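Here is a briefing on one protein chain. Look at the structure first, then read the points below.

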Amino acid sequence: MIYCQKCGHELDGHEKFCPSCGKPTPNQTYPIRSTPLDEGGFGWSLLGFCVPIVGLVLYLVWKDERPITARDAFRGFIAYLIFLGIALVVYVIFFIGLIGSMNYPYGP
Ligand SMILES: [Zn+2]
C-alpha cells in the first residue's frame, strides 16, 4: 500500500494525484522536476560556452530527463553562438576595411 507523501492519504497505486490534497504521486509517468541531479548552474553554462558541441549534446540528451541542467548547458551554447556571431561581424568589418585601404593605398 502507498501513502501520500504530503498528507498520508491512502492511495490504491493507480492515481496520478492524491485525491485528498492533489500532490503528484510516484505513479506519474513524467518525472517530477525537482530531481536531486537536476540542479543546473553556471558551471553547465560555462561548459556549454567553452565546449559548445557538448552543451548542445547535453541539451538534446537531458531536455526531458534533466530540464534545468539541459537549459543551462543550452544557454552556454547560445552564448557561444552569439559570441561567434559578434566575432564574425568584427572580422568581416575589419576585412572590408583592409580591402578598402588596399584599393586606396595613399588615402583619399
Ligand atoms: Zn495527499
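The points below go from the whole chain to single residues.

This is a predicted model: local features need pLDDT of at least 70, side-chain atom pairs count only at pLDDT 80 or more, and totals for chains, interfaces and linings use all residues. Residues are numbered from 1 along each chain as its sequence is written. The protein chain has three helices and two strands. Helices (H or I, at least four residues) and strands (E, at least two) are DSSP runs, numbered from the N terminus.

**Whole chain**

- Along the sequence, the pattern is β-β-α-α-α.
- The protein chain has 108 residues, and buried ones make up 16% of them.
- A residue is buried if 20 or more other C-beta atoms lie within 10 Å of its own, exposed if 12 or fewer, and partly exposed in between; C-beta atoms are placed from the backbone.
- Take the contacts between residues at least 6 apart in sequence: 39% of them join residues at least 24 apart.
- Two residues are in contact if their C-beta atoms, placed from the backbone, lie within 7 Å.

**Helix α3**

- Helix α3 covers residues 67-103, which is 37 residues.
- From first C-alpha to last, α3 reaches 53 Å, close to the 54 Å expected at 1.5 Å a residue.
- The expected span is 1.5 Å times one less than the number of residues in the helix.
- The buried residues of α3 are Thr69, Ala70, Asp72, Ala73, Phe74, Gly76 and Phe77.
- Their cover includes α1 (42-50) and α2 (52-62).
- An α-helix has 3.6 residues a turn, so residues three or four places apart point the same way.

**The largest nonpolar core**

- A nonpolar core is a set of buried Ala, Val, Leu, Ile, Met, Phe, Trp, Tyr and Cys residues joined through C-beta atoms within 7 Å.
- The largest one has eight residues: Trp44, Leu58, Tyr59, Trp62, Ala70, Ala73, Phe74 and Phe77.
- Helix α3 gives the most, with four residues.
- Trp44 touches Thr69, Asp72, Ala73 and Gly76, leaving out residues up to four places away in sequence.

**Where α2 meets α3**

- Two packed helices are described by the angle between their axes and the distance between the axes.
- The axes of α2 and α3 come within 8 Å and cross at roughly 145 degrees.
- Axes are lines fitted to C-alpha atoms, for helices over the stretch in contact, and angles run from 0 to 180 degrees between N-to-C directions.
- The crossing of α2 and α3 is left-handed (the near helix is turned anticlockwise from the far one by less than a right angle).
- On the α2 side, the contact is made by Pro52, Gly55, Leu56, Leu58, Tyr59 and Trp62.
- On the α3 side, Thr69, Ala70, Ala73, Phe74, Gly76, Phe77 and Tyr80 take part.

- Phe74 sits in helix α3.
- Why is Phe74 called buried? It has 20 other C-beta atoms within 10 Å.
- Not counting residues up to four places away in sequence, Phe74 touches Gly48, Gly55 and Tyr59.
- His9 lies in the loop between β1 (2-3) and β2 (10-11).
- His9 is partly exposed, because 16 other C-beta atoms lie within 10 Å.
- Beyond its neighbours within four places in sequence, His9 is in contact with Tyr3, Cys4, Cys18, Pro19, Ser20 and Cys21.
- The C-alpha atoms of His9 and Cys21 are 8.4 Å apart, and the two residues are twelve residues apart along the chain.
- Gly22 is in the loop between β2 and α1.
- Gly22 is exposed, because it has 10 other C-beta atoms within 10 Å.
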